[in-house]
Number of protein chains: 2
Amino acid sequence: MKSIELKVKVLDISTEFPIVVLHEDIIKKLEIEHLNRVLLKTSSLDKVCIVDSSVSYIEPDVIGVFKNTADELNLKDSEIVEIQTTSLPKSIDYINKKVKNKTLTKEEIKSIVEDTNNNLLSETELSSFITSVYINSLNLEETINLCDAFVNIGDKINFDEPVILDKHSIGGINGRVSMILSPIISSLGYKIPKTASRSITSAAGTADVMEVLAPVTFNISEIKELIKKVHGIVVWEGKFDLCPVDNTFIKIEHALNINPEGIMIASILSKKKSMGVTHLVIDIPVGRQVKVKDKENGERLAKKFVEIGKSLGIKIKALLTDGENPSGDAFGPALEAKEALEILEGKYFSNLAEKACVLSGELLSLVNDYDSKKGYEIAKEQITSGKALEKFKEIIKAQGGNTFKSEDITLGKYKLEITENKEGGKIIDFNVHTLTEVTRIAGAPYDKGAGLKVIVKLGQVVKTGDTLFEVYSDSEDKLSFVKDYLENHSALSYDDVLIEAVE
Amino acid sequence: MKSIELKVKVLDISTEFPIVVLHEDIIKKLEIEHLNRVLLKTSSLDKVCIVDSSVSYIEPDVIGVFKNTADELNLKDSEIVEIQTTSLPKSIDYINKKVKNKTLTKEEIKSIVEDTNNNLLSETELSSFITSVYINSLNLEETINLCDAFVNIGDKINFDEPVILDKHSIGGINGRVSMILSPIISSLGYKIPKTASRSITSAAGTADVMEVLAPVTFNISEIKELIKKVHGIVVWEGKFDLCPVDNTFIKIEHALNINPEGIMIASILSKKKSMGVTHLVIDIPVGRQVKVKDKENGERLAKKFVEIGKSLGIKIKALLTDGENPSGDAFGPALEAKEALEILEGKYFSNLAEKACVLSGELLSLVNDYDSKKGYEIAKEQITSGKALEKFKEIIKAQGGNTFKSEDITLGKYKLEITENKEGGKIIDFNVHTLTEVTRIAGAPYDKGAGLKVIVKLGQVVKTGDTLFEVYSDSEDKLSFVKDYLENHSALSYDDVLIEAVE
């Protein structure tokens, strides 16, 4: 252990990590390296900080302290502090163990999660962890232990209810099943505290869509009140910290464009556990354009969910569903909200309605002594009778909203009709990426009214001039960008026998 | 592509990476994420910068620019700049490809190396790359391509010589073979531009040891002069940039405590290639306490070196050597320099001298039509005849040193004799980690005179009170720390039949 006294310089920059910057001579003198740790000692508090040697511009007698850490320790410029070399968090050894493809114990996983939560691990170390979990994967027991560790550090919502139902979808295309399913289930008297995310790269997240009708941001005690009052809700999960390391992990997963299965499962199920969910349907869309590409992987994943559910005391049914085709015809918050309401209003019964009823039926059969076919009938009846719609209006009102009818939803001011400008053909596929991009270019998910409505159906034969889509936006400029984009990107695939004729 | 105008705030902090900090509202508005890239446009220059969303304390209309980037772009506080969203470097896709255990093409590897060299990749991304290379490894062709990419971006030293010899050791314990071998080889008229590293965690690096006798820091043209004049040198490799991404990779490798084989091989061989080496001996110590733990791994590694050498046009002989026992009796710069000189002075012929002659013999046989046994005889004769010593004095003088005799080397002012304080026994093992730590506690490698001299031999029977080691230091305090440390750490293992008697 070596120590030295240095003069504080508060750096006008903040991170979640406790980072300090030392002159290279001091680093040499202390015999430390980039990302080693030092103990920063003040009169009141000692704190382990991460040495960032890639960050420079510091005098030899100075320690640069990021503002967040300076504030936490109440450090002022020019104050003298002692720093001591100190050992690395043990969790770094455990990350190394996973890199070396060894199985981690419950305690080791707990240590990694806790140190991540306390910002003791740098992004470099976490990146290695996430990469190694992706490549070497977690076995069933490790995944359960990760889930437990997540539950331990997170917020919990205790509804004081013996039975709590829920549904979770993994990476579908579009369509707000939750906004139909939640009213169906709660109209039957069950509690279903549906939490939902916002979009990151999709056209809209369920929270973005629900927000068209009502506020979605509530704290834990408000959510408890809501469930007590109306049984079902659709709220944004971002306000409470069921799995506080999620954001840290997700940030790195996005940067690396990987989503390790073990972390994903643990994250989903820990949140359900923390909310006291007892019966859960997991919807796993399978399709070439969604997260799970084939049945084999879907089945493997489904079995894991069920197995881990057992160990957590959650009765799970995992369902492989059609992820080849969009669920419903709408992309974008307002259009998707309108579609969900229209289904509840009984205006039509589309594939999205069908999916909501199938999933509701499965969920009902989990908690009742009838089968899922009977459950489906019961669910559908809740729509037909208008009871689900009545319940949804109660939910919207309870959440503080005042949009109760599909016709009251405001779409983007400007509309662009996209027509077939080539010879057309029989539609065999939608290019989901293109549809999503068009919706985002039009302004979604931030502009709620921006969206894309699919006019054609799969299998339909279209010819030149037929309307394919309607695109809504509040900006004519954005619609002209959409036009440009569609010049170079195809949104549909046709069943063309002839691909090219060369003469 | 989205763009926005923001006011520059130069942050008083620097990194090698072009990092900018944006307010979360701007990040949302631009639809970007942590570690996405933006194009920072100034009147003169556009630069791709990395968005660090984990770093905050920025007003919505401001872009925080790290000082290094602000200086490069000549940006001043309050200046208005435009930023545009821009795509990620393609190399991030290639890193993702390696994470997914796919083979990288020559072009893809080149792209990763070049982007690393241009600081276009964040540490998070590089950490994932290094972890994935460690786990999924590089095949022979990928390693060759990595080596080529390293050579392409690095400095080159052209000696205008058809034959250049060299030797490289991988992770031994101690003992400066190079300081004996380099004079032997060059005294026979061969050119051997030995570059060496400084210690990071060991008791001393060869550059630290050579520096006891002469300066070791030279630029490329000085090295060319030296080789022309005296044929052999022992210099620090840190002054020139044969493999400029090495430091970036090594920093992350140390933080993660992994050393992916493919990167290690490519780094070593690219530097040799860049120096025009034609004949090379690779020394691979094998032992429980060194990098390569067993013969099997040693052989696999050896074959890789030879194979890749062929593709680079370097004739390589890779040798598995005894890494179980220390080479020589000395730990620490001055003691190790003294030992090398004493061997050249003919004072004794230890296992270190033997190793130097064996490696010299192998190297000589590579470039001559005699075998390594004959080479060994020739090498040994250069020591016996005093020719290697004369050559070494020439080298020391040419490098600007003035310490030519072993007795002129200054050791630490204070000496501590470590004696056997238990019952002793037959010595069967040295604990290298303890010996290294003691040497470092005494002040090495920064205090040149600090060191540890092993007095006992392997197999020797010692009893209570016998002297085991001498420790030198310039500080009595440090010696008392050494004493404390040795109370709790054993430096020797004994052949004890009886481990414990319980009554």
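Start in chain A by selecting A:L140, A:T143, A:I144, A:C147 and A:D148 of helix α6, which meet A:K304, A:E307, A:I308, A:S311 and A:L312 of helix α12 (contact means heavy atoms within 4.5 Å). By class, this contact has five nonpolar, two polar and three charged residues.

This is a predicted model, with local features needing pLDDT of at least 70 and side-chain atom pairs counting only at pLDDT 80 or more. Residues are numbered from 1 along each chain, and chains are lettered from A.

Now show α6(A), residues 140-153, and α12(A), residues 295-312. Their axes come within 10 Å and cross at roughly 55°.

Next, select helix α10 of chain B, residues 246-256. Eight of its eleven residues are buried (under 20% relative accessible area, with a 1.4 Å probe and protein chains only). Among them are B:F249, B:I252 and B:L256. What do the buried residues of α10(B) pack against? In chain A, show α3 (90-99) and α5 (123-136). In chain B, show α4 (106-117), α5 (123-136), α6 (140-153) and α11 (261-274). Step just past α10(B) to B:N257, which takes a positive phi of about 55°.

Last stop: B:A340, in helix α13 (residues 333-344) of chain B. B:A340 counts as buried because its relative accessibility is 0%. Leaving aside neighbours within four places in sequence, B:A340 is in contact with B:M179 and B:I180. Now pick the C-alpha atoms of B:A340 and B:T116: they are separated by 39 Å, and the residues lie 224 apart along the chain.

Terms used. Side-chain values use heavy atoms; hydrogens and water are left out. Buried means under 20% relative accessible area, exposed over 50%, partly exposed in between (1.4 Å probe, protein chains only). Helices (H or I, at least four residues) and strands (E, at least two) are DSSP runs, numbered from the N terminus. Axes are lines fitted to C-alpha atoms, for helices over the stretch in contact, and angles run from 0 to 180 degrees between N-to-C directions. Ala, Val, Leu, Ile, Met, Phe, Trp, Tyr, Cys and Pro count as nonpolar, Asp, Glu, Lys and Arg as charged, and the others, Gly among them, as polar.
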